[in-house]
Amino acid sequence: MQETMTAAYLPGNSTVEMRTVPVPTPGHGEVLLRMKASTICGSDIRCIYHEHLGKGPEGYQGVVAGHEPCGQIVAEGPGCRRFKTGDRVIVYHISGCGVCNDCRRGYMISCTSARYRRAYGWQRDGGMAEYMIAEEKDLIALPDALSYADGAQVACGFGTVYEGLEKIGIDGNHAVLITGLGPVGLATGALCRKLGANKIIGIDVVPERMKIALDLGLCDAVQASGPDNVAQVRELTGGFGVERAVDCSANNLARATAIRATRKWGKIVFLGEGGTVEFNPSPDIIHDQKTIYGSWVTSTWLMEELVERLVRWNLHPADIITHRFALDKAADAYALMASGKCGKVAVCQDEELK
Ligand SMILES: [Zn+2]
Ligand SMILES: [Zn+2]
């Protein structure tokens with residue numbers, strides 16, 4: 001076993017710093033993972049890469065970057081109960097205290113312990129390295145039918161979307177509007193397809209992303225973002241609007257479009273983080289009996305359910321990865337993700353770097 005490894009850090013000036021650090025040793029209840037795939041999230045760019053904006057759960061503590069890790073266990077510390085060397089695993093990207101109410105529900109994302117809640121890649125070392133330490137309780141078994149790159153996508157993006165879609169419910173009665181076709185929006189299209197949505201409409205500003213959504217068959221129609229979006233969506237839905245809308249943009253105008261393009265009795269979920277929204281409660285939601293949901297990441301048990309569904313549906317989240325980079329090219333990977341001219345971007349090792 002090598003003694004040192006390469007790891008990527010984000011100093012906050014739109015660069016990536018590569019350092020050589022010791023390979024860590026797993027403590028009690030921890031495992032050492034050989035990293036195979038680690039994908040870049042919009043929140044990494046928004047809160048860390050350009051500058052360190054995050055506060056609280058998004059406060060970056062100068063650790064190894066990367067909160068969407070997937071790899072193989074190469075060593076176990078004492079006290080592990082289920083997982084062992086050789087197992088392929090996804091890491092739920094926040095390690096919670098394990099005993100607060102949120103943790104007991106499986107939502108370590110909203111763990112209320114200021115002392116023990118630490119997100120991988122934010123407050124504790126993440127996946128942009130050759131190896132990483134994870135707590136056994138944060139692991140989800142990766143089925144053989146899924147690749148490590150598929151698994152990395154489950155850690156944050158697909159899990160977050162699945163949770164939001166479960167909240168609003170998606171079935172064959174529904175036309176769905178997706179505002180924002182970044183990786184989360186593309187994941188929304190992929191999951192809505194498998195859940196049986198009747199028609200999927202996407203809106204974005206970046207032509208590359210609109211093209212990916214159509215090329216991969218994740219949307220039936222895409223519109224360039226603009227003042228006519230509500231009218232366009234109504235026209236595509238017999239004049240009524242969609243039954244379900246998912247905002248993945250965090251953009252003020254796009255969120256208002258998601259609300260207004262939803263028909264009477266419809267449901268809207270907000271997944272995109274940050275920003276604001278302006279709408280008029282009486283005409284926009286109250287009189288039309290609409291419901292707006294907020295949804296933050298997902299739980300460990302729903303992630304386990306999702307990987308089972310992915311196998312059943314033969315859905316491979318890695319299909320929305322448009323670019324793979326070796327670890328020593330992590331700087332190029334972050335720069336591309338920051339440009340937005342891509343689908344999902346992954347840093348990979350071994351068999352995942354084809
Ligand atoms: Zn993420
Ligand atoms: Zn907790």
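Before you click on anything, one definition: a residue is buried if its relative accessible area is under 20%, exposed if over 50%, and partly exposed in between, using a 1.4 Å probe and the protein chains only. What you have open is a predicted model, in which local features need pLDDT of at least 70 and side-chain atom pairs count only at pLDDT 80 or more, while totals for chains, interfaces and linings use all residues. Residues are numbered from 1 along each chain as its sequence is written, chains are lettered from A and ligands numbered from 1 in the order in which they are written, and side-chain values use heavy atoms, with hydrogens and water left out.

**Stop 1: S14**

Select S14, which is partly exposed because its relative accessible area is 32%. You'll find S14 in the loop that joins β1 (4–9) to β2 (17–22). Helices (H or I, at least four residues) and strands (E, at least two) are DSSP runs, numbered from the N terminus. Now look at the backbone: S14 isn't a glycine, yet its phi is positive, about 60°. Most residues other than glycine have a negative phi.

**Stop 2: the zinc ion (ligand 1)**

Next, pick the zinc ion (ligand 1). Which residues hold on to the zinc ion (ligand 1)? Show C41 (SG), H67 (NE2), E68 (OE) and C156 (SG), which coordinate the ion at 2.0 to 2.4 Å. Donors here are N, O and S atoms within 2.8 Å of the metal (3.2 Å for Na, K and Ca); water is not among the atoms, so sites may look incomplete. Along the chain, the donor residues follow the pattern C-x25-H-E-x87-C. H67 sits in the loop between α1 (42–49) and β4 (69–76) and C156 in helix α3, so this pair ties together parts that are 89 residues apart in sequence. The 4 donor atoms subtend angles of 92 to 124° around the zinc ion (ligand 1), so the arrangement is tetrahedral. For four donors, that label requires all angles to lie between 85 and 135 degrees.

Are H67 and C156 buried or exposed? H67 is buried, at 1% relative accessibility, and C156 is buried too, at 9%.

**Stop 3: T160**

Stay on helix α3 (residues 148–168) and select T160. T160 is buried, with a relative accessible area of 9%. Setting aside neighbours within four places in sequence, T160 is in contact (heavy atoms within 4.5 Å) with L271, V297 and T298.

**Stop 4: the zinc ion (ligand 2)**

Jump to the zinc ion (ligand 2) and show its protein donors: C97 (SG), C100 (SG), C103 (SG) and C111 (SG), lying 2.4 Å from the ion. In sequence, these donors are spaced C-x2-C-x2-C-x7-C. The arrangement is tetrahedral because the 4 donor atoms subtend angles of 104 to 117°.

**Stop 5: D87**

Now go to D87, in the loop between β4 and β5 (88–91). At 19% relative accessibility, D87 counts as buried. Show its side chain and you'll see a polar atom 2.9 Å from the backbone nitrogen of K84. Leaving out neighbours within four places in sequence, D87 is in contact with G71, Q72, I73 and R82.

**Last stop: N314**

Finish with N314, in the loop between α9 (300–313) and β16 (321–326). N314 is exposed, with a relative accessible area of 56%. Its phi is near 55°, a positive value in a residue other than glycine.

Methods. Four donors count as tetrahedral if all angles lie between 85 and 135 degrees; four count as square planar and six as octahedral if opposite donors are over 155 degrees apart and all others between 65 and 115; anything else is irregular. A polar contact is a pair of N or O atoms within 3.5 Å; within protein, one must be able to donate a hydrogen and the other to accept it, and residues adjacent in sequence count only if both atoms are side-chain atoms.
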